[in-house]
Amino acid sequence: MRIPRPDARAKAAFAALVAAFLLVTLIVRGRQDLLGVTLALLCLLATMIAAVSAAAARQDDDGEPAVPPTLPGQPPAGLYGVDADTLEMLDHREAVRAVRERHRGRGGSAAGEGG
């Protein structure tokens, strides 16, 4: 039986609760010794974890994935039919031109191209 990993929202909520608890503990106790410094550093760490987890949750909500899914048996998006041996045989300019021609063939020219 596998236990599912918590998502970014759950991590952010838990870290925010821990940071709030540590902050309240730090304020109520008012200690200015090693324990107070440790509580302050733990509060800072929990706040940073909450912020990064919240940013990760926001990024997951953006819609389209960073890497488009591929079907089984299909090569990943990119250089179709160009392997390492082919690139070694081609001159650098020829390789760049071949890649641009393939991208043009899939609909649209490459960004930053002059003509």
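In what order do the elements of the chain run from the N terminus on? They run α-α-α-α, and the chain holds 4 helices and 0 strands, where helices (H or I, at least four residues) and strands (E, at least two) are DSSP runs numbered from the N terminus. This is a predicted model, in which local features need pLDDT of at least 70 and side-chain atom pairs count only at pLDDT 80 or more, while totals for chains, interfaces and linings use all residues. Residues are numbered from 1 along each chain as its sequence is written, and side-chain values use heavy atoms, with hydrogens and water left out.

Helix 1 (residues 8-29) and helix 2 (residues 34-60) have axes, fitted to C-alpha atoms over the stretch in contact, that come within 8 Å and cross at roughly 155 degrees. Helix 1 is therefore roughly antiparallel to helix 2, a term that applies to angles over 145 degrees, on a scale from 0 to 180 degrees between N-to-C directions. By class, their contact has 20 nonpolar, 4 polar and 3 charged residues, with Ala, Val, Leu, Ile, Met, Phe, Trp, Tyr, Cys and Pro taken as nonpolar, Asp, Glu, Lys and Arg as charged, and the others, Gly among them, as polar.

Within helix 2 lies S53, which is buried at a relative accessible area of 10%, the cut-off for buried being under 20% with a 1.4 Å probe and protein chains only. Leaving aside residues up to four places away in sequence, S53 touches A8, K11 and A12, contact meaning heavy atoms within 4.5 Å. Across the chain, buried residues make up 13% of the 115 residues.

Key:
Buried < 20%, exposed > 50% of the residue type's maximum accessible area, 1.4 Å probe, protein only. Parallel < 35°, antiparallel > 145°, perpendicular 65-115°, else oblique.
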